[in-house]
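Dear colleague,

Please find the structure below, handed over for your own work. My findings follow it.

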Amino acid sequence: MLAAMGYQPGQGLGQAASGPREPVPLTLKQDRLGLGRPSQRALKRARREEAGAAQPAMAPVQLPDSSSFLRQAAARVAAGRAAAQLRRAQQACENLDSAAGVGNRHGFWQTRAAAEGPDATAMVGSAPVLLEADVTPQLGEVLQYLRTQYWYCLYCGTAYENAADLASHCPGPSEADHADM
Ligand SMILES: [Zn+2]
């Protein structure tokens, strides 16, 4: 259309060709009926759009807050892991102490009642619930004792020759230190 009016691309608009060089966006009417009465279809579409706009927005779906549930589940798993490791550490402690002629002077050995007592799960309703407290601090104490007294690492499963042997062959005191093994 502009070309038909003598416009050359790249030329400014206006008599002095000083107008903006970018073409002014034209609003083109899509309706085939042009400027006349809007078609029935266009009217229907407009009514539909109005109706759609009038509808209240759908309420957002409420998802249950799963994060706290997952946190609790993870904490239960970690506590159960620590408890199982504590039992292994206590057993190792008893074996090593006994072999060394040392009694349960520190109380780290697993008591028979604890070893044979009811396990740490109980039924609440129909769901088993882990009742174990987090024994990570006790586990740390026993592991530390085993390392310093016997150069024994629970995660390596090895009693080393001496402190230097332990230091050079065991990646560290925590389970995470042994993750790459
Ligand atoms: Zn180790």
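Please note that this is a predicted model. Among contacts in the protein between residues at least 6 apart in sequence, 42% join residues at least 24 apart. Buried residues account for 10% of the 181 residues in the protein. The secondary structure consists of 5 helices and 4 strands, and from the N terminus the elements follow the order α-α-α-β-β-α-β-β-α.

Helix H4 covers residues 136–150. At 1.5 Å a residue, its 15 residues should span 21 Å, and the C-alpha atoms at its ends lie 20 Å apart, which agrees. Four residues of H4 are listed as buried, namely Leu-139, Val-142, Leu-143 and Leu-146. Viewed down the axis of H4, these buried residues fall within an arc of 100 degrees, so they line one face of the helix. Pro-137, Gln-144 and Thr-148, on the other side of H4, are exposed. The cover over the buried residues of H4 includes helix H2 (66–99) and strand E3.

Which residue takes a positive phi just after H4? That residue is Trp-151, with a phi of about 50 degrees. Trp-151 is located in the loop between H4 and strand E3 (152–153). Most residues other than glycine have a negative phi. As for its surroundings, Trp-151 has 19 C-beta neighbours inside 10 Å and therefore counts as partly exposed, given that a residue is buried if 20 or more other C-beta atoms lie within that distance.

Further along, Leu-154 is placed in the loop between E3 and strand E4 (158–159). Is Leu-154 buried or exposed? Leu-154 is buried, because 21 other C-beta atoms lie within 10 Å and the cut-off for a buried residue is 20 or more.

Leaving aside neighbours within four places in sequence, Leu-154 is in contact with Gln-85, Arg-88, Ala-89, Ala-92, Leu-143 and Leu-146. Finally, Leu-154 and Pro-173 are 19 residues apart along the chain, and their C-alpha atoms are separated by 8.9 Å.

With kind regards

Technical notes: Residues are numbered from 1 along each chain as its sequence is written. This is a predicted model: local features need pLDDT of at least 70, side-chain atom pairs count only at pLDDT 80 or more; totals for chains, interfaces and linings use all residues. Helices (H or I, at least four residues) and strands (E, at least two) are DSSP runs, numbered from the N terminus. A residue is buried if 20 or more other C-beta atoms lie within 10 Å of its own, exposed if 12 or fewer, and partly exposed in between; C-beta atoms are placed from the backbone. Two residues are in contact if their C-beta atoms, placed from the backbone, lie within 7 Å. The expected span of a helix is 1.5 Å times one less than its number of residues. The arc is that of the directions from the helix axis to the C-beta atoms.
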